[in-house]
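Thanks for coming. I will go through one structure today, from the whole chain down to single residues. Please look at the model while I talk.

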Amino acid sequence: MKPFCFITALLLTLNLCAQQQTYDLFGYVPPKGWAKEEKGTMVTYTAIDNKKRIWARIAMVKSTASKGDIEADFTSEWDVLAVKEYRVSPEPLAVDTQTFNGWKVRSGLCQFPFEKDTVSMLLNTFSNGQRSITFLVQSNTKAYGPVLDEFIESITLPPAVASGSNLPTPVDASQPQAAASGFHFTTTNFDDGWTSVVKEDWVEATKGNIKVLLHYPRKEEQVYYPQQEEQTRVFWNLLVAPRYKSMSNFFLYKYNILYLPAKFASGMMVDHQGQAQFVALFRRDKSGWIEVITPDKETFVKTFGVDQPDANFSEWDALSNLSGLNKFAVAENDLSGKWSNDFGSSTSYYSVYTGLYAGSTNYASRQTFTFQPSRKYSCHIVVSTGGSGIATKVDQVKSDGNFKLLNNWQVWFSDIEKKPKTYNAYFSCIKGGRILWLQDTGYGSYTSYGKIEN
């Protein structure tokens with residue numbers, strides 16, 4: 001049996017999903033209808049089709065102290081979970097190393113005989129030099145590939161950078177645009193040399209002779225495009241072409257992949273002042289449309305490692321990471337008003353033995369922060385659960401207290417769920433407004449809040 005098609009899908013993305021659950025450091029969306037078992041230092045999800053004699057299994061292992069780097073951590077996990085458990089080779093069939101949210105990620109693939117069948121296993125270890133955490137997927141068929149794809153895509157981890165260290169430098173707003181937007185910080189200086197500035201239609205980031213435009217979402221993105229190259233061409237004509245008078249050597253990336261397809265186009269452009277520049281337009285997953293402008297193609301290739309794109313997932317990492325430049329500090333007055341996060345989900349269950357429908361559950365919640373004068377706040381969480389044969393139940397939690405900014409990237413609350421909590425905080429920009437991102441420093445991925453009331 002050939003390795004699963006999903007095994008090449010190793011680039012994980014930050015995915016704040018309505019159904020997301022947590023286990024240790026992992027945030028994830030469990031596959032619908034799979035049997036869950038939590039035992040010792042591991043939680044597993046399993047699907048079995050007895051008629052077809054096929055199955056798949058996901059296992060997440062609790063984090064441990066890192067052995068110092070990703071290679072040592074992966075080797076240790078591979079030895080315990082693959083070599084000793086299934087007597088596979090100490091050397092994986094394939095190995096890939098990437099970076100995800102500041103964590104190093106190393107993935108290895110193996111195959112082994114099991115009950116007169118051949119099983120493929122993909123083991124993924126994450127390391128930040130202090131903690132190491134692993135999940136693995138196994139199956140004897142390709143049939144569960146799409147479900148496993150969705151699970152892998154849903155994985156989140158807290159940022160690997162320690163709280164309060166290596167933070168970008170916020171710059172006090174001084175340009176007229178800042179007063180119009182009502183937010184204190186409109187410029188961020190990052191430690192790696194990038195500087196981001198809020199503009200009307202995009203965030204503009206510069207480093208040396210390279211310029212990046214992080215375009216804000218547009219209504220055209222709600223249109224369905226049957227081919228990814230068609231969508232790329234539409235947005236090239238919307239976002240790039242109008243600002244230039246001529247183009248040569250246009251390239252449109254047409255390779256189609258099922259897992260997080262990349263959209264990419266490039267060309268030599270001459271602007272209305274007669275300046276020739278190399279321009280690339282890129283998007284993958286939730287990165288938004290990113291436009292990169294360099295003096296020539298050689299500079300672009302040297303900086304971002306993309307020349308003739310192919311199906312190599314890691315080739316897109318440097319471009320995908322540019323989306324993190326849409327990040328701005330928080331001032332106390334910026335928080336004034338009401339901020340809300342809403343989500344909901346519906347899950348249907350089917351018997352792993354008979355395949356028959358076994359009911360459904362519904363879940364919805366809203367979390368609201370209201371920031372008031374004199375550093376007062378209130379937090380209100382409403383959760384509704386129900387389903388077939390289950391009466392709808394509504395639970396509420398309210399907290400009130402004082403808040404303060406520990407710095408321009410962290411907010412302290414005196415009472416959240418009956419105890420003080422500190423959240424990492426930052427803004428990302430959209431046209432005419434901002435999204436507030438909060439992360440409990442004790443655990444968790446960032447949660448986004450839109451401002452609904454001043």
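Of the 454 residues in this chain, 47% count as buried. Keep in mind that this is a predicted model. The average pLDDT is 84, and 86% of the residues reach at least 70. Two stretches need caution. Over residues 1-18 the pLDDT stays under 50, and the model has 66 contacts beyond four places in sequence for them. Over residues 174-180 the pLDDT also stays under 50, and there the model has 9 such contacts.

Now the overall make-up. The chain has 6 helices and 26 strands. Among contacts with a separation of 6 or more, 52% are between residues 24 or more positions apart.

Next, a sheet. How many strands form the open sheet, and in what order? There are 7, and the order is β3-β4-β5-β9-β8-β7-β6, with antiparallel pairing. The edges are β3, residues 35-39, and β6, residues 94-100; each has a single partner strand, so one side of each is left without a neighbour in the sheet. From one strand to the next, the twist averages 15 degrees. As background, strands of a sheet pair through backbone hydrogen bonds, parallel or antiparallel.

Strands β3 and β4 run antiparallel and are joined by 5 bridges. Lys 39 stands opposite Met 42 in β4. The two strands form a hairpin with 2 residues between them, and Gly 40 in that turn has a positive phi of about 60 degrees.

Moving on, β4 is joined to β5 by 8 bridges, again antiparallel. Here Thr 44 stands opposite Ala 59 in β5. This is also a hairpin, with 4 residues between the strands; Arg 53 in the turn has a positive phi of about 60 degrees.

Arg 106 has Thr 125 in β8 as its bridge partner.

Two helices go with these strands. Helix α1, residues 70-86, lies across β4, β5, β7, β8 and β9, and runs at about 155 degrees to β8. Helix α2 covers residues 145-154, and its buried residues are Gly 145, Leu 148, Asp 149, Phe 151, Ile 152 and Ser 154. What covers those buried residues includes β2, β5, β8 and β9.

Now the aromatic rings. A pair of rings is described by the distance of the centres and the angle of the planes. The count for this model comes to 30 aromatic pairs. One of them is Phe 371 with Phe 413: the rings are 6.0 Å centre to centre, with 45 degrees between the planes, and the pair is tilted. This pair links distant parts of the chain, with Phe 371 in strand β20 and Phe 413 in strand β23, 42 residues apart. Both Phe 371 and Phe 413 are buried.

Tyr 426 and Trp 437 have ring centres 6.1 Å apart and planes at 10 degrees, so that pair is stacked. Tyr 426 sits in strand β24 and Trp 437 in strand β25, so the pair ties together parts 11 residues apart in sequence. Tyr 426 and Trp 437 are both buried.

Which residues do ring pairs link into a cluster? They are Phe 251, Tyr 253, Phe 264, Phe 278, Phe 282, Phe 300, Phe 304 and Trp 316.

Last, two backbone details in loops. Asp 24 has a positive phi of about 55 degrees although it is not a glycine. Asp 24 is in the loop between β1 and β2. Is Asp 24 buried or partly exposed? With a relative accessible area of 31%, Asp 24 is partly exposed.

The other case is Asp 285, where phi is near 55 degrees, a positive value in a residue other than glycine. Asp 285 is found in the loop between β17, residues 276-284, and β18, residues 290-294. Its relative accessible area is 21%; the cut-off for buried is under 20%, so Asp 285 counts as partly exposed.

How values were computed:
Residues are numbered from 1 along each chain as its sequence is written. This is a predicted model: local features need pLDDT of at least 70, side-chain atom pairs count only at pLDDT 80 or more; totals for chains, interfaces and linings use all residues. Side-chain values use heavy atoms; hydrogens and water are left out. Buried means under 20% relative accessible area, exposed over 50%, partly exposed in between (1.4 Å probe, protein chains only). Contact means heavy atoms within 4.5 Å. pLDDT is the predictor's confidence in each residue, from 0 to 100. Two strands pair if DSSP finds at least two bridges between them. Axes are lines fitted to C-alpha atoms, for helices over the stretch in contact, and angles run from 0 to 180 degrees between N-to-C directions. Rings of Phe, Tyr and Trp (its six-membered ring) pair if their centres lie within 6.5 Å; planes under 30 degrees apart count as stacked, over 60 as edge-to-face and the rest as tilted.
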